[in-house]
Amino acid sequence: MAWESRGPNKYFYRSYRQDGRVKKQYLGRGPGAATAELDMALRKRRRDLDRFALADLRARVDQMNRLIDQQQSVTRDVLHAALVAAGFHRPNRQWRLRRDRPT
């Protein structure tokens, strides 16, 4: 969005892309154009705030996922140790009781 000067007058245009080409939309001059400029600035500000909020949410979710992965790893290690201590082994991804375990 920009004001363009042509002679002594200023005109407000909005630039956008359509089919890979940059196009301009005339939004007027004077008080109506100033209102359009403020409206566009508010919309941009809202988009920026939404983008920052989403980035913050993603960062918090990533942190929670890391904590869950750590907890899952610890739980897996404790379970593995408990099963080995109880006389089980895991020859092919399935826990089995050892045949030759001491009684």
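Rings of Phe, Tyr and Trp (its six-membered ring) pair if their centres lie within 6.5 Å; planes under 30 degrees apart count as stacked, over 60 as edge-to-face and the rest as tilted. The views below show a predicted model, in which local features need pLDDT of at least 70 and side-chain atom pairs count only at pLDDT 80 or more, while totals for chains, interfaces and linings use all residues. Residues are numbered from 1 along each chain as its sequence is written, and side-chain values use heavy atoms, with hydrogens and water left out.

**View A. Aromatic cluster of Y11, Y13 and Y26.** Ring pairs link these three residues, and the whole structure holds 3 aromatic pairs. In one of them, Y11 and Y26 are tilted, at 6.2 Å centre to centre with 50 degrees between the planes. Y11 belongs to strand β2 and Y26 to strand β3, so this pair ties together parts that are 15 residues apart in sequence. Y11 is buried, with a relative accessible area of 18%, whereas Y26 is partly exposed at 44%. Buried means under 20% relative accessible area, exposed over 50% and partly exposed in between (1.4 Å probe, protein chains only).

**View B. Open sheet of 3 strands in the order β1-β2-β3.** Strands are DSSP runs (E, at least two residues), as are helices (H or I, at least four), numbered from the N terminus. Two strands pair if DSSP finds at least two bridges between them. The pairing in this sheet is antiparallel. β1 (2–6) and β3 (21–28) are the edge strands, each pairing on one side only. On average, neighbouring strands are turned by 45 degrees against each other, direction ignored. Between β1 and β2 (residues 9–18) there are 5 bridges, and S5 stands opposite K10 in β2.

**View C. Helix α1 lying across β1, β2 and β3.** The helix covers residues 31–85 and runs at about 40 degrees to β2. Axes are lines fitted to C-alpha atoms, for helices over the stretch in contact (heavy atoms within 4.5 Å); angles run from 0 to 180 degrees between N-to-C directions.

**View D. The protein as a whole, with 1 helix and 5 strands.** Along the sequence the pattern is β-β-β-α-β-β. The radius of gyration, taken over C-alpha atoms, is 32 Å, well over the 13 Å that the globule rule gives for 103 residues, so the protein is more spread out than a compact globule. That rule is 2.2 Å times the number of residues to the power 0.38. The C-alpha atoms fill a box of roughly 100 × 25 × 15 Å along the principal axes. Of the 103 residues, 10% count as buried.
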